[in-house]
Amino acid sequence: MKSGTRGFVTILTGLYSFQDCVHFLAAIRKFHQEPIIILIDRVPKILYPLLTVFKNVIIKPAPADENPVLASRHAKVALYAASEFEKTIYLDSDICLLSNINDVFECLDEYDFLLTEDVQPQIIKATNLLRGKQEDNINNVLPILQSIGLPLNKDSIQYNSGFIAFRKTETTEILFDKFKYYFEVVKQNQDKLLLRDQGAFASAIASVPLKMKILPPTYNYLSKWKNSYQVDGEIKVLHCTYPYRPQDAKNITRSLYTRIFDRFAKIFLPNQVKNPWRVK
């Protein structure tokens with residue numbers, strides 16, 4: 001790793017997100033020229049040129065798994081080791097940049113870690129982490145999370161790990177080690193928890209003293225929950241939750257290449273919205 005280097009990382013596990021990833025790359029290249037690492041699994045190598053047509057794209061293997069959702073979770077906890085950069089911005093592949101985010105890289109001169117709160121930040125209300133009906137679980141969230149060994153309390157915050165910026169330091173390395181450890185705890189309790197990483201992510205942050213900064217939702221704006229935000233300033237990072245896709249985002253990624261690609265994607269790629277792995 002060269003001193004002063006910076007770049008992006010995303011994850012592509014399975015064909016359901018392939019079209020998203022193409023538009024993700026197009027959006028990054030509209031505003032940035034830094035290298036982009038794609039952690040990839042269960043995608044035929046014959047399709048790689050459709051990604052590397054964008055300049056300075058580096059493809060690396062993600063942890064392999066039959067379940068592409070689980071593979072993506074394993075890749076996320078391994079971000080520290082996977083990054084080749086001193087300063088890294090990780091973005092989910094269903095994100096579309098609407099402007100440059102050079103200020104995030106610049107903030108990493110002062111902070112080790114930058115992230116955004118989830119649209120529902122209070123961990124005690126994070127019914128999205130539990131199996132069963134959300135209305136039935138509203139009083140059970142914290143007791144269940146604590147019962148399996150997650151170091152969370154009533155003041156703990158749920159963060160959205162679709163946007164993570166970090167600097168390579170000993171502290172951030174420890175943070176990702178904790179993230180991996182607590183995600184294994186989540187995996188071992190699938191009778192109670194959904195296969196999501198927010199609980200493990202919140203636990204890691206709660207257990208490691210970290211020089212971090214919380215960015216406003218304009219840096220991780222989830223389209224599905226637009227009515228829940230009070231936004232001050234322009235949206236810089238649009239997180240295209242289902243069924244809204246990056247290719248629908250203000251024509252940011254529109255080009256001859258993406259128009260042709262989208263025509264073939266409708267025929268040859270599986271429908272992202274109907275991905276059965278998302279509900280397992």
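Helix α3 (residues 68-77) is mostly covered, since 10 of its 10 residues are buried, where buried means under 20% relative accessible area, exposed means over 50% and partly exposed lies in between, with a 1.4 Å probe and protein chains only. The model is a predicted one, in which local features need pLDDT of at least 70 and side-chain atom pairs count only at pLDDT 80 or more, while totals for chains, interfaces and linings use all residues. Residues are numbered from 1 along each chain as its sequence is written, and side-chain values use heavy atoms, with hydrogens and water left out. Helices (H or I, at least four residues) and strands (E, at least two) are DSSP runs, numbered from the N terminus.

**Helix α3 and its surroundings**

The buried residues of α3 include Arg73, His74 and Lys76 as well as Pro68, Val69 and Leu70. They pack against β1 (6-13), β2 (36-41), α4 (79-82), β4 (87-91), β7 (157-167) and α8, contact being heavy atoms within 4.5 Å.

Lys76 is a residue of helix α3, and Lys76 is buried, with a relative accessible area of 6%. Leaving aside neighbours within four places in sequence, Lys76 is in contact with Ile11, Tyr90, Asp92, Ser161, Gly162, Phe176, Phe179 and Asp197.

**Two helix pairs**

The table sets out two pairs of helices; axes are lines fitted to C-alpha atoms, for helices over the stretch in contact, and angles run from 0 to 180 degrees between N-to-C directions.

| Helix pair | Axes come within | Crossing angle |
|---|---|---|
| α3 and α8 | 9 Å | roughly 155° |
| α1 (residues 18-31) and α10 (residues 256-268) | 11 Å | roughly 175° |

Helices α3 and α8 are therefore roughly antiparallel to each other, and α1 is likewise roughly antiparallel to α10; angles under 35 degrees count as roughly parallel, over 145 as roughly antiparallel, 65 to 115 as roughly perpendicular and the rest as oblique.

Leu70, Arg73, His74, Lys76 and Val77 of α3 make the contact with Phe176, Phe179, Lys180, Phe183, Glu184 and Lys187 of α8. By class, this contact has five nonpolar, one polar and five charged residues, where Ala, Val, Leu, Ile, Met, Phe, Trp, Tyr, Cys and Pro count as nonpolar, Asp, Glu, Lys and Arg as charged, and the others, Gly among them, as polar.

In the other pair, Phe18, Gln19, Val22, His23 and Ala26 of α1 meet Tyr257, Thr258, Phe261, Asp262 and Ala265 of α10. The contact of α1 with α10 has six nonpolar, three polar and one charged residues by class.

Pro270 lies in the segment after α10 and, at 27% relative accessibility, counts as partly exposed. Pro270 and Gln19 are 251 residues apart in sequence, yet 9.4 Å apart in space, C-alpha to C-alpha.

Eight of the 10 residues of helix α9 (residues 198-207) are buried, so α9 is largely enclosed by the rest of the structure. Phe201 is one of these buried residues, and what covers them includes β6 (113-122), β7, α8 and β8 (212-215).
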